[in-house]
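Biologist: I'd like to learn how to read helix packing and a ligand site in a model. Could you walk me through one?
Modeller: Gladly, let's look at it together.

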Amino acid sequence: MEKEGQYFYHPLENIEDIDLFYDAVERQHLTRAVSPERPYTYWTIELYDQKNGIRGGGGLGILAADTRRIAEQMGVPFALITPFYPSETKQKLVGEKVENEHLPVKYTDFGFRFIDNVFVKCCGNLCQLDVIEKKFKNTRIIAITEPNFGELYSGLSGSDHRLYQEVALGFGGYAALKLIGLKPAIIQLNEVATFFAALARLDELTSNGMDFYEAMVYTRKHTLYTNHTLVQAAEAEFSKEQFERFVVPNLKSLAVKKWLHDKFENGRLKLSSATIEIAELRSGVSKLHAKVANYHDLAGNKVKFRAITNGIDLTTWALPDILEYYRELNLIDELNLPVANYAENLEKLTTERVRELKKIGRTKLNQILKNRPDQNGKILQFADDDFIFDFKRRFVDYKRPDLPFKNLQQLRKILEKRNAHYILTGRVHTGDEKMSEKLRQILETVAGDEYLREHVHYIANYDELLAYGLSVGANVAINLPTVGLEACGTSWMKDVANLNLLISTHDGGVADASINSYLNVSGTDEAEELDMLYRRMEEAILAWENDFDLEYLLKKQLTAYLPIISGARMLNDYLDYLFPK
Ligand SMILES: *Cc1c(COP(=O)(O)O)cnc(C)c1O
């Protein structure tokens, strides 16, 4: 049963702009395709939503949580299917070494309700999975769990345990949907670890009497594969023998088994290859990424990805006072979409207000830092006019957290001039010895310098709250991925939303706009980039001391990026792609 128009909340009487009106009407038409019984389904191995008890590892999970919240605001019937991991890791610094602490998590503490059990067949056993659910207004989280499910990304990629988790999510999640009485209008696969959801659907259609080719066409037309990885070679693969133990027992249709069998090359299967075959709709997460992602189908043809740049939920990530200011300036509508003439309206932004708002953000940051000591065990509290650079992102090599420390004298000179602070935070992947060592080296060098020891701070256990605190409370954000390696990145979006100046290399979603939109770092080699980074840091300090410059840079930055960072824009782009008019 479809009640047309009911599920896209957009109060028409408030709309003066005629384009907005037609936009809203058109959006309502999409409800023909999605309805509460046929929701948009979003599959993800990682969800980062601490409020709901699920802690992810990074950007992939943050994106998933934001997407659901935006669907909620836009009134889109939406079901997110994900594992609930009964254990999570917390990182702390012991000396200069990162250590992991494993903490149990109970879903009943976070408002999830037990629905029933579903079963998947693995290695000759029937594995019992709990289906749990948390319902919101028009969205819900459906999770699959059991006491031995393990942690997110536990075990090696390509290991039995990972395959088990992925099979449990795909087949178990699909069974859970049926149990609840939902049919997917669309299956969005947030990366290939969720491939088995589409396979479960294909198998169900085929084993219920639909002709295999018809079922394949149907599944393909309703499946969207969202790729976040640049190189296919880096993707996980599994052996035929692993599939025979974990996957094949869950398939009913002989035709599907045969189809799957043909996807193996030399006894191994890359999930990405099979996902490309089962999803006709494919997207990459920024313009640059969609262009450079180097994927080939089994026939050897290069795969085309539609560029749908990630966005963030502004309601979650912008300081409420800043969001309020955006509305006052008439930059965004009630769904956080930039209005047509937002760039013109930005003219009225004043640095006086920006400085007031950043003061409120600074207070918030101080609150958050009360429980988060730095590497010296010191609780940091910053005055309104303290100057803060932040570098907050997963501690992985291509993001280059160590780059700013390559010329310590220079870094010290810049910070000294303004008595500025540099806050560094980021989680090291469990088992990543190389990055763990890099962090130790940074801390050791910093400790050896009397000035830097007091002005460079590492905060352990990077999480959503710290990301928020630094976005609202810092002055300048630093983002330095090696160009070509960042798919999109969303942490810089949080900084742009909160009126920080952005220093960045031209990569990921940053490269959706022109190189002049922010304080760009580039060069023909790392030494040149480093040189430019330091110059940009000095420039950023000066800009915050000069209203004219600050206003100019912030307006330029927001003009370029407000539509890009808007998560409502992202979900609209997905809806336009999935349900073309
Ligand atoms: C925003 C956020 C991320 C995503 O960062 P990227 O720039 O996409 O890598 C990762 N972890 C946390 C805790 C975040 O808040």
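Biologist: At what angle do H5 and helix H8 pack, and how far apart are their axes?

Modeller: Two packed helices are described by the angle between their axes and the distance between the axes. Keep in mind that this is a predicted model. Here H5 and helix H8 (residues 271-278) pack at about 100°, and their axes are 8 Å apart. That angle makes H5 roughly perpendicular to H8.

Biologist: Which residues of H5 and H8 meet?

Modeller: From H5 come Met-216, Thr-219 and Arg-220, and they meet Ile-276, Glu-277 and Ile-278 in H8. Sorted by class, the contact of H5 with H8 has three nonpolar, one polar and two charged residues.

Biologist: Now the other neighbour of H5. How do H4 and helix H5 pack?

Modeller: H4 and H5 (residues 212-221) have axes 9 Å apart, at an angle of about 145°. The crossing in which H4 passes H5 is right-handed. On the H4 side you will find Ala-198, Arg-201, Leu-202, Leu-205 and Thr-206, which meet Phe-212, Ala-215, Met-216, Tyr-218 and Thr-219 in H5. The contact of H4 with H5 is made up of seven nonpolar, two polar and one charged residues.

Biologist: And are H3 and H4 oblique or perpendicular to each other?

Modeller: Start with the numbers: the axes of H3 (residues 160-180) and H4 (residues 195-207) come within 8 Å and cross at roughly 50°. H3 and H4 are therefore oblique to each other. H3 passes H4 in a right-handed crossing. The contact is made by H3 residues including Leu-163, Val-167, Gly-170 and Phe-171, and by H4 residues including Phe-196, Leu-199, Ala-200 and Glu-204. By class, the residues of the contact of H3 with H4 divide into eight nonpolar, one polar and four charged.

Biologist: What distance separates a polar side-chain atom of Lys-399 from an oxygen atom of the ligand?

Modeller: For Lys-399 that distance is 2.6 Å. In the side chain of Ser-491, an N or O atom is 2.7 Å from a ligand oxygen atom. For Lys-494, a side-chain N or O atom is 2.6 Å from an oxygen atom of the ligand.

Notes
Residues numbered from 1 in each chain as written. Predicted model: local features only at pLDDT ≥ 70, side-chain atom pairs only at ≥ 80, totals over all residues. Heavy atoms only, no water. Axes fitted to C-alpha atoms, helices over the stretch in contact; angles between N-to-C directions. Helix = DSSP H or I, 4+ residues; strand = E, 2+ residues; numbered from the N terminus. Parallel < 35°, antiparallel > 145°, perpendicular 65-115°, else oblique. Left-handed = near helix turned anticlockwise from the far one by under 90°. Contact = heavy atoms within 4.5 Å. Nonpolar A, V, L, I, M, F, W, Y, C, P; charged D, E, K, R; others polar. Polar contact = N/O pair within 3.5 Å; in protein donor to acceptor, adjacent residues only side chain to side chain.
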